[in-house]
Amino acid sequence: MSTRSRLLICLAALCLLHLGVACAGFFAPYDPAAQDREHPYAPPMALHLVDARGGIHLRPFSYAQSLRAGSFDEYDENRARVIPMEFFVSGSPYRVLGLLPLRAHLFGGGDGGTLNLLGTDEYGRDLLSRILFGGQVSLLAGLIGAGLALSIGLCIGAAAGFLGGWRDEVLMRVAELFLALPWIYLLFSMRAFLPLAVPPLKAFLLIVVVLGAVGWARPARLVRGTVLSAKERDFVRAARGFGASGGYLLRRHILPETASVVLTQAATLVPQFVLAEMTLSFLGLGVPEPVPSWGNVLASLQHYNVLISYWWMYLPVLAMVPFFLGYLVLASLLQASGGPSKIEEVGSGV
Amino acid sequence: MMRFLLQRAGHAAFLLFGVSILAFLFSTLAPGNYFDEMRLNPQISAERLSALRAEYQVDRPITLRYARWAGALAHGDLGFSFAYNTPVAPLLWTRARNTLLLTGTATLLVWMLALPLGVWSAERLGRPADVALSWATAVLLIIPDLALALGLLILAVRSGWLPTGGMVSVGFGEFSVAHKIRDLAWHMILPLLVLVVSALPVLLRHVRAAVAGALEAPFLRAAEGHGISRKRLLYRYALPAAAHPLIALFGLSLGTLLSGSLVVEAVMGWPGLGPFLRDAILARDLYVVIGGVLLSTLFLVAGNFAADLLLYWVDPRIRAGTGR
């Protein structure tokens, strides 16, 4: 298989994954913030095809769970109460991509029962729904943050490389400053001085801006390097000799040369930034409850009792693995198609 | 030698200066401060509050505060913690020591693993053993360190094999020296494992690529033709030739491990800078945060400086002043 077709397959898979998260409302059976105080920390429900009497059903079903008397987290399966899995049901309202209002869900519990395939959290909220909706927040933060960091990096890197001289010197010194810091400490210090208790949307924007502001340095350095070498290429000199203006040269001849570097950087930055958002939210400095993100869904694992008693609370971690895999493969394919690798480019994964 | 050293030291000083300015700049972006929270407390009168504000000089312009802070720093004074009501420096130092212990050991371990494994893999480039190792590193690469830390913690909790939090056991003070070391090492295993496993794949890839590149060089072919043993060829000839980018990578790996250690510390309850800084942020304890960030930069700068010295020692081109 050629690199190009592999690249297409990888891109298609990533698009599908993102589409799935973008349509979280449809795949998630419930509202991620809807609480069910009767079922805190309910374990994942098993789907059955064969009932207690040995009869085979085509429609998968589950048994209702009810709290054991006198306990707060132990459940008994109620064999008498069957919850069939129904497809394409109408349920809680949501918006696809924040625009299209819908009520249709891929599946849901029939007969008025709730179906928590991955269990519930401390407020009885459906974990599957929270993972899917949380992906929207985390991935969007990663994507927009990477976009921001890349645009800043592209502008500064191109300016530094193209203008040269003292401006190059100053810009690269500042970039080095940002590179020298352990990025998460920088993230912390920036987050430290911004308001703590903020509405979720504002917190989200804050994180994105902080990510962009912290992460621009490496792309800027790489872009500068490419611009520097492109500037000396023969066709660029020729165009300059024909009297092309600086703006034209940059736009037409030099920036296209940086495309492969920028794309590779994008593929490495997005998962890094998703992880950064997760870390911040996990530590309670990111997107606040009740809005789910992959980080704050995991936050309850910081409590010892949750860690030992409710293994399903760990499941959100697995949600990001396919995404990370996709981006890793994408980055290495882009690098393979973009010519010889430089240590700097690979090093960005550090 | 002197010139090179001075140049690097000047660079380090510039970095630290820049970071301190950045940290202070961010603090002006912040609406509110530590004492704003106190306003909500009915037990603290308005007069007391304004007295406190005057004492800590939170209302003065930032340039003045920075000048005062930088002046104090020259005496080794990192400012005063609002929340702990003591100077910042000793507070930070006890935590930084623990972080340093963890990060330093992890750095050492990672490189001790990455170098031989990378060389071993480069020697077998494209053969099944190398391919298997590449796959293994790819798998490790897609597991985020947060997931790894939580997963290992769950394993440890469930199995009960390893301690799951903190740095020492109860009653550490009365242990004998040998017992103390054993206890500390026992508690370090889990956080170290996370740090090493999350940093190893990237380093391994670099070592492999660098050594594989060096093995292609004509002088190595010639050396091989002279009948020099394989082992000597790899470690005495190829590795030094590949050292330049690897030493540059050393600084990077230090930064990664410092950042990673922050997460690991928070998850595993290691009493280092990570959880301390998090709490300081939540309490808006300005000087603790600035001091912590500055200290972590200092670690990094020191590490890079050491790498530069190493480079100077290893690479004759730099000694002659023609390299870089």
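In which order do the four strands of the open sheet in chain A lie? The order is S1-S2-S3-S4, and the pairing is antiparallel. The structure shown is a predicted model. This briefing describes the sheet of chain A, a pair of helices in chain A, and the helices of chain B.

**The sheet of chain A**

- The open sheet of chain A consists of four strands with antiparallel pairing. Its edge strands are S1 (48–50) and S4, each of which pairs on one side only.
- Neighbouring strands of this sheet are turned by 50° against each other on average, when direction is ignored.
- Strand S2 (residues 56–67) and strand S3 (residues 75–96) of chain A run antiparallel and are joined by seven bridges. Within this pairing, Ala64(A) has Asn78(A) in S3(A) as its bridge partner.
- Strand S3(A) is also joined to strand S4 (residues 100–109) of chain A, by eight bridges, and these two strands run antiparallel.
- Two bridge partners in S4(A) may be located in the structure: Leu102(A) is the partner of Tyr94(A), and Leu100(A) is the partner of Val96(A).
- Three residues lie between the strands in the hairpin of S3(A) and S4(A), where Leu97(A) takes a positive phi near 55°.
- As a general point, the side chains of a regular strand alternate between the two faces of the sheet.

**Two packed helices in chain A**

- Two packed helices are described by the angle between their axes and by the distance between the axes.
- Helix H1 (residues 3–22) and helix H3 (residues 127–163) of chain A pack at an angle of about 115°, and their axes are 8 Å apart.
- From H1(A), the residues His18(A), Val21(A) and Ala22(A) meet Leu132(A), Gly135(A), Gln136(A) and Leu139(A) of H3(A). By class, this contact has four nonpolar residues, three polar residues and no charged residues.

**The helices of chain B**

- Chain B contains 14 helices and zero strands.
- Its C-alpha atoms fill a box of roughly 85 × 55 × 40 Å along the principal axes.
- Of the 324 residues in chain B, 35% are buried.
- When contacts in chain B between residues at least 6 apart in sequence are considered, 73% join residues at least 24 apart.
- Helix H4 (residues 62–74) of chain B has 13 residues and, at 1.5 Å a residue, should span 18 Å; this agrees with its end C-alpha atoms, which are 18 Å apart.
- Just after H4(B), Gly76(B) takes a positive phi of about 80°.

How values were computed: Residues are numbered from 1 along each chain as its sequence is written. Chains are lettered from A and ligands numbered from 1 in the order in which they are written. This is a predicted model: local features need pLDDT of at least 70, side-chain atom pairs count only at pLDDT 80 or more; totals for chains, interfaces and linings use all residues. Axes are lines fitted to C-alpha atoms, for helices over the stretch in contact, and angles run from 0 to 180 degrees between N-to-C directions. Two residues are in contact if their C-beta atoms, placed from the backbone, lie within 7 Å. Ala, Val, Leu, Ile, Met, Phe, Trp, Tyr, Cys and Pro count as nonpolar, Asp, Glu, Lys and Arg as charged, and the others, Gly among them, as polar. A residue is buried if 20 or more other C-beta atoms lie within 10 Å of its own, exposed if 12 or fewer, and partly exposed in between; C-beta atoms are placed from the backbone. Two strands pair if DSSP finds at least two bridges between them. The expected span of a helix is 1.5 Å times one less than its number of residues.
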